[in-house]
Amino acid sequence: MQGTAANAAAIVIGGFIGIKAGHLISSRVRGTVMSGVGLAVLLIGMQLSLKSQQPLIIIGSLIGGGIIGELFGIEARLEALGNWIGDRFKGSGKVAEGFVTASLLYCVGAMAIMGALQDGLGSRPDILYAKAALDGIASVALASTLGIGVLFSALPLFAYQGAITLSASFAQQIMTPAVVQEMNAVGGLLILAIGLDMLGVKRVPVGNLLPAVFLAPPLVMLFVAS
């Protein structure tokens, strides 16, 4: 859990710096920085998604994941949690928006999954250390604009990556190269959707599509020859 702990700490520290230094940064500069972060998120998402070799697996994962997410109302639950936090920190900025946006940004994607697996399998968690640096920088920009909700996103990240780390011994048996590739592609598309939202292009219910990442492995094992 060292990698996940470092990742969560980087988010809190970066968010705290962003909140304290936010008044020193003009709204124009914050907007430009957020646009830059959004473009970087788009690039990461495109790089991952274009590596897919099985587009039908991606389509099936997104359709099935979207149905599951809607049935469980994942995005609505995330927003409700953000609003609950916001009620207790009134006047601290766009708490709910910051919490949801940061939680999805930090939890979705290959680095979160593969880094947590690396950590759980006993290797040095270099992936999560790199992710911690990226998330810490992003937290400065996000918190300066969206407020204290960004700090609380460290909680779902710790729970999410921690659960993957603790289940790594089982996951090791199914993480074939084909499975990893398609999981990366699904996660990349969700990251791409987050980037579009950050740039104000299109609001996609990414939270309700999160189960798609975990549908990819069984679909690959069922329909892709080893």
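Reader: What is the phi of Gly200, the residue that follows H11?
Author: This is a predicted model, where local features need pLDDT of at least 70, side-chain atom pairs count only at pLDDT 80 or more, and totals for chains, interfaces and linings use all residues. Residues are numbered from 1 along each chain as its sequence is written, and side-chain values use heavy atoms, leaving out hydrogens and water. Gly200 comes after H11, and its phi is positive, near 75°.

Reader: How far apart are the end C-alpha atoms of helix H11?
Author: Helix H11 covers residues 177–198, which is 22 residues. The expected span is 1.5 Å times one less than the number of residues, so H11 should span 32 Å. The computed distance agrees: 31 Å.

Reader: Which residues form the one aromatic pair?
Author: Rings of Phe, Tyr and Trp (its six-membered ring) pair if their centres lie within 6.5 Å; planes under 30 degrees apart count as stacked, over 60 as edge-to-face and the rest as tilted. A search of the whole structure finds one pair.

Reader: Which helices does the pair link?
Author: The pair joins distant parts of the chain, 54 residues apart. Tyr160 lies in residues 154–166 and Phe214 in residues 211–223. These are helices H9 and H13.

Note on methods. Helix = DSSP H or I, 4+ residues; strand = E, 2+ residues; numbered from the N terminus.
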